[in-house]
Amino acid sequence: MTNASLTLMRELKLAGMADAYQAVLQLPINKQLQGDELVARLIDAEQQHRQAKRMKMYTRLSKLRYQANIQDIQCSEHRNLPRAALAKLSERAWIERGENLLITGPTGCGKSFLACALGHHACSLGLRTLYFNMNRLCEEITLAQADGSTIKWLNRLKKARLIILDDFGLQPISHKVKLLLLQILEDRYEHSATLICSQLPVAKWHEYFDEPTIADAILDRLVHRAHRVELRGESLRKSTNNLSS
């Protein structure tokens, strides 16, 4: 009966439950759980197994630039990043409310590293996350338009609860990219979160778009419901090779 139950669990793809049951069976008889306690242990094990599997899949699909964790972030008043602010951003509430996060600061101050740490944390919370630097975003837009898959591509982005756009403002973007960026933000408005990293201060973003009407529309959807982190300090590349802009 025991072997049959284990086999059936694995056939039903209840791997976490099967592993937990097998571990229980290896205990001495007087220490094995019974009845409701055993059922609760097996259900909890299956839930944890699925959460870990989902986190691993989301992390792989996110294509984050750095393998960064919240615990790796250096919080200080000097960096203009107090620990209380990081703790607030570590909560899932702002993502679920569809709010945005704008991280700005000079090159090398750790913007991308912080963004990837928050992205990795979102994956651990079971929130689908996608990372793009602006060059890659522009390339994917071009490819999607070339093969006629733009709508399918936009729908994939729409499913992500958090999108990270890195290196924003480093180079000019075309009119088509601006229109697609507007569509992305429109799809996500008050539904899902967008995180942007930029060396440009937010006050210069309107000028960067160089098309007042589009700039107004994009910033209206991006800035008004946004948290802001304005990092300060010297380049962290002087002390480590793991942090980037």
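**Reading the salt bridges and the fold**

Modeller: The structure holds ten salt bridges, where a salt bridge is a side-chain nitrogen of Lys or Arg within 4 Å of a carboxyl oxygen of Asp or Glu. This is a predicted model, in which local features need pLDDT of at least 70 and side-chain atom pairs count only at pLDDT 80 or more, while totals for chains, interfaces and linings use all residues. Residues are numbered from 1 along each chain as its sequence is written, and side-chain values use heavy atoms, with hydrogens and water left out.

Colleague: Which residue meets Arg-65 in a salt bridge, and where in the chain are the two partners?

Modeller: The partner is Asp-166, with 3.2 Å from N to O. Asp-166 belongs to strand E3 (residues 162–168), whereas Arg-65 lies in the loop between helix H3 (35–62) and helix H4 (83–89), so that the pair links distant parts of the chain, 101 residues apart. Helices (H or I, at least four residues) and strands (E, at least two) are DSSP runs, numbered from the N terminus.

Colleague: Is Asp-166 buried or exposed?

Modeller: Buried means under 20% relative accessible area, exposed means over 50%, and partly exposed is in between, with a 1.4 Å probe and protein chains only. Asp-166 has 0% relative accessibility and therefore counts as buried, whereas Arg-65, at 35%, is partly exposed.

Colleague: What is the accessibility of Arg-97 and of Glu-99, which form a salt bridge?

Modeller: The closest N and O atoms of Arg-97 and Glu-99 are 2.8 Å apart; Arg-97 is partly exposed at 41%, and Glu-99 is buried at 13%. Elsewhere, salt bridges that share partners join Arg-65, Asp-166 and Asp-167 into one network.

Colleague: How many helices and strands does the chain have, and why is the chain described as more spread out than a compact globule?

Modeller: The chain has eleven helices and five strands. Its radius of gyration is 22 Å, well over the 18 Å that the globule rule gives for 245 residues, and it is therefore more spread out than a compact globule. The radius is taken over C-alpha atoms, and the rule is 2.2 Å times the number of residues to the power 0.38.

Colleague: Which residues is Gly-233 in contact with, leaving aside its neighbours within four places in sequence?

Modeller: Contact means heavy atoms within 4.5 Å, and on that basis Gly-233 touches His-78, Pro-106 and Cys-109. Gly-233 is found in the segment after strand E5 (226–230), and its C-alpha atom is separated by 9.1 Å from that of Gly-108, 125 residues apart along the chain.
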